[in-house]
Amino acid sequence: MRLFGRKDDDEDPARADDAIAGFWAWWDGARPQLDAMVAAGESERSADLLGPAVSALHEGLVWEVAPGRNAAHALVVTAAGDAELRPLAHRWAKAAPPADLLWEFHPSRPAHPRAAELSLEVAGLEFGLDRLALGLRAPRGAPRVDVTAYHPIFGELDEDARMDATLLALDWLLGEDDVARWVGDITPATFQPIDSVPAVHLPAIVADLVSEFGQEQWAQLEGQTAGGAPLAAMARYPLRPVDYPLFDQHIAITLPYKHRDPNGLPTGGSLAALRDFEERLAARLLKPGGDAVMVAQLSAERHRIIHVYADPSGDGASHAKELMADWREGKPRLDVTTDPSWSAVAAFLS
């Protein structure tokens, strides 16, 4: 069931927390009625009950009731690929009651264990995954696979319907989060690609990508600022917000440095001081299972900017401020903003 609406870019986090608490209070009261409807197969009545409750969280969220992995039913409330809404969906799931025999809760659509057997009706036509073919291309050195999807009914569907059916099929095959991680360009086609394979082979191909890019690395990059000055940067690779769904607080640490080469890049004692600062930052903030991650740093024109993303309920910003108090090569600057789509580091995203 899909409920689309306008996205509020200035959403108040406290307001979102109140909405989540309100949903779960509603769930406690409505569950007996909902249990009876779902058990009786009354999907339309259960949709009438669930729809307004999910819409009250945010009108851009998408929900569905699906078979559970360990429970009889799963309630999925997902951002449907909208990076701005992903933290809200994950906070909703984090606040959920413990799963029981009847219900479990997911902030993204999981892969279906019998995806090849699934079918649905699209514009009055049967869309079965057993007839879906995929043309797959993995760009050399890139942590993704580009997909061209073909189904015999696609020639009778409009462009939007073809894309909706393709996205749903990919979610069934891989799970929504792994689609975000590993799938690049998606193109529904009305003619079958010459080198296409049955869609059921997609998980195995993605597993090969995972083996190559599953471990995070750091990539070194060079470029120029808007004013033409040399720029040197390092970024985690692959870098994807989906891997850190609760880290929607952007912490930018700007450190001026004194010792520089003719290109304005750090050298000598300044380079050593910057490395020491980042090591202390890592020790202070970036513990395994912690609530912050350093994603990139760039140096240009006598300044280094360190980009950190954090869970705003943690202490990432205050720890950064404390560390900056010891910087001795100029006046440091701390900027803290809400950035669920990681737009501040868009140039580094995989």
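I started with helix α4 (residues 159-174) and helix α6 (residues 202-213): their axes come within 9 Å and cross at roughly 65 degrees. That makes α4 roughly perpendicular to α6 (65 to 115 degrees; under 35 is roughly parallel, over 145 roughly antiparallel, the rest oblique). Axes are lines fitted to C-alpha atoms, for helices over the stretch in contact, and angles run from 0 to 180 degrees between N-to-C directions. Helices (H or I, at least four residues) and strands (E, at least two) are DSSP runs, numbered from the N terminus.

I noted the source next. This is a predicted model, where local features need pLDDT of at least 70 and side-chain atom pairs count only at pLDDT 80 or more, while totals for chains, interfaces and linings use all residues. Residues are numbered from 1 along each chain as its sequence is written, and side-chain values use heavy atoms, with hydrogens and water left out.

Which residues make the contact of α4 with α6? I found Leu 170, Leu 173 and Leu 174 on α4, and Leu 202, Pro 203 and Val 206 on α6. Contact means heavy atoms within 4.5 Å.

Then I turned to the sheet. Three strands form an open sheet in the order β1-β2-β3, with mixed pairing. Two strands pair if DSSP finds at least two bridges between them. The edge strands are β1 (62-67) and β3 (103-106), each pairing on one side only. Neighbouring strands of this sheet are turned by 20 degrees against each other on average, direction ignored. β1 and strand β2 (residues 73-78) pair in the antiparallel sense over six bridges. Trp 63 stands opposite Val 77 in β2.

What lies across β1 and β2? I found helix α2 (residues 43-57), running at about 135 degrees to β1. Helix α3 (residues 86-94) packs on the sheet too, touching β2 and β3. The direction of α3 makes about 145 degrees with that of β2.

Is α3 enclosed or open? Eight of its nine residues are buried, so α3 is largely enclosed by the rest of the structure. Buried means under 20% relative accessible area, exposed over 50%, partly exposed in between (1.4 Å probe, protein chains only). Among the buried residues of α3 are Arg 86, His 90, Arg 91 and Trp 92.

Last, I took the totals. The protein chain has eight helices and 15 strands. Its C-alpha atoms fill a box of roughly 70 × 55 × 35 Å, taken along the principal axes. Buried residues make up 46% of the 350 residues.
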